Amino acid sequence: MGSVRHGVFRRSWVHLSTSQCVSTSVSRRFCASSRQMSVMPAWVIDNYGNNDVLRFTKNASFPVINYPNEVIVKVFAAGLNPLDVSMRGGYGAATMSMQRDPLNIKQSGSEFPLILGRDVSGVIMECGLDVKYFRERDEVWAAIPSWKQGSLAEFVVLSGNEVSHKPKSLSHTEAAAIPYVATTAWSALVNTGGLSKDNCAKKRILILGGSGGVGTFAIQMLKAWGAHVTVTCSQNAEQFLRGLGADHVVDYTAGPVEEPLSAVEKFDLILDNVGGDTEHWALNLLKPWSGAKYVTLVTPFLQNTDRMGIADGMMKTAATVGSKVVKHLVKGVHYRWGFFAPSGPALDEIREMVDAGQIRPVVEETFSFSQVPQAFEKVEKGHARGKTVVQISKGGADV
Ligand SMILES: NC(=O)C1=CN([C@@H]2O[C@H](COP(=O)(O)OP(=O)(O)OC[C@H]3O[C@@H](n4cnc5c(N)ncnc54)[C@H](OP(=O)(O)O)[C@@H]3O)[C@@H](O)[C@H]2O)C=CC1
């Protein structure tokens, strides 16, 4: 656990055949387990649709380590996100089918049966040959790429560089509320927005849509880094967001938010979790010619590829984002799209903030493994105040 992650993974994406697999003691160890356990309990979907497509099975395929940098994680808790509801309905299917590893879909020839769930907190059961940073029984958390099988199952396989040691101060249920929204906020604010703990002090940040998963995490991270944070939310979320550290809260249900927001000092960065017509007025709230950025998480990228196919959809996406970047650049502000990016190293940094008491999990509601359809209904209703978490099995501090 104390070792540094840097330089640890040899990125040798070598597929281990069965014969190679039994040629070393370590690989024999992980192959033996995979042979012993060929099925596991999971919630799967066999086609896209509404909540009726969710099916519980005790016979989902047990995940297999195909690459030497992979680990198998026993899932204790799984976080749900709006993306899970969208993916249940087929959102992003074209792009994700392209990204899926053929080794993982060879049996059925399609993505089905598909396991949803993008957040995991659990314990490592098996490590591939090249995994040096983790050991069996390490407690870990991770955000799972949307093209991989998810965490609504007893086990999940992940690359070692997607996984991070779980914060010691959190139970698995609490930990499962953080990785996907945290790595999304990190990607949008740090990688795309250029913010860091060293340059954030006193910067004025506006978060459009502060009361959901991404917003509640982003507020806390930015406050820990010394930023001044303004948020928009419904009136009934105001005290909740002030409690997370928001300096200025604007109720979007009281009328057009652009009016009160235009009356205050302009912003250095806007994180847009709402989309729709926000980008028609939000960029006017940025400080022009100062490097100020607008980063939206609500993009048409996956809808374009679903509707038009990969090639045409990507061309349309590139043309759309390119024209918007140029349109706003001539006015002195930067327009960007933000995307979730799985990252164990980012979660390592977030773990330190959590264990230092700078960020707390915001679990709105918890469901048992048998209540996965109810958990989906909860997320689908919207109006989130933090995160919805499913307890898959008892473990660690949750026992
Ligand atoms: N591009 C990417 O890779 C990613 C994109 N996303 C997207 O980011 C967005 C936020 O995700 P997440 O936080 O998980 O979603 P949640 O569903 O957890 O939260 C959305 C929040 O926004 C509030 N809200 C709705 N309308 C408005 C409005 N007009 N102004 C202010 N607040 C509003 C809702 O509460 P209420 O309705 O009660 O006000 C709710 O609290 C989603 O659209 C999601 O799809 C998320 C992750 C990755």
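Colleague: Between which two helices is the loop that holds alanine 176?
Modeller: This is a predicted model, where local features need pLDDT of at least 70, side-chain atom pairs count only at pLDDT 80 or more, and totals for chains, interfaces and linings use all residues. Residues are numbered from 1 along each chain as its sequence is written. Helices (H or I, at least four residues) and strands (E, at least two) are DSSP runs, numbered from the N terminus. The loop with alanine 176 runs between helix H6 (172-175) and H7.

Colleague: Is alanine 176 buried or exposed?
Modeller: A residue is buried if 20 or more other C-beta atoms lie within 10 Å of its own, exposed if 12 or fewer, and partly exposed in between, with C-beta atoms placed from the backbone. Alanine 176 has 35 such atoms within 10 Å, so it counts as buried.

Colleague: Which residues is alanine 176 in contact with, leaving aside neighbours within four places in sequence?
Modeller: Contact means C-beta atoms, placed from the backbone, within 7 Å. On that basis, the partners of alanine 176 are Ala77, Ala78, Gly79, Asp119, Val120, Ser121 and Val389.

Colleague: Where does the ligand lie relative to domain 1 and domain 2?
Modeller: The shell around the ligand holds 26 residues, with Ser211, Gly212, Val214, His383 and Ala384 the closest. Domain bounds come from an automatic or database domain assignment. Domain 1 (18-178 + 361-398) and domain 2 (181-337) both contribute to the shell, so the ligand lies between them.

Colleague: Which element gives the most to the shell around the ligand?
Modeller: Helix H7 (179-192), helix H8 (213-224) and strand S9 (228-233) each supply at least two shell residues. The most, three residues, come from H8.

Colleague: How many charged residues are in the shell around the ligand?
Modeller: Asp, Glu, Lys and Arg count as charged; Ala, Val, Leu, Ile, Met, Phe, Trp, Tyr, Cys and Pro as nonpolar; the others, Gly among them, as polar. The shell has twelve nonpolar residues, 14 polar and, of charged ones, none.

Colleague: Which strands stand at the edges of the six-strand sheet?
Modeller: This open sheet has the order S10-S9-S8-S11-S12-S13, with parallel pairing. Two strands pair if DSSP finds at least two bridges between them. An edge strand has a single partner, so one side is left without a neighbour in the sheet; this holds for S10 (248-251) and S13 (334-337).

Key:
Near = placed C-beta within 6 Å. Contact = placed C-beta atoms within 7 Å.
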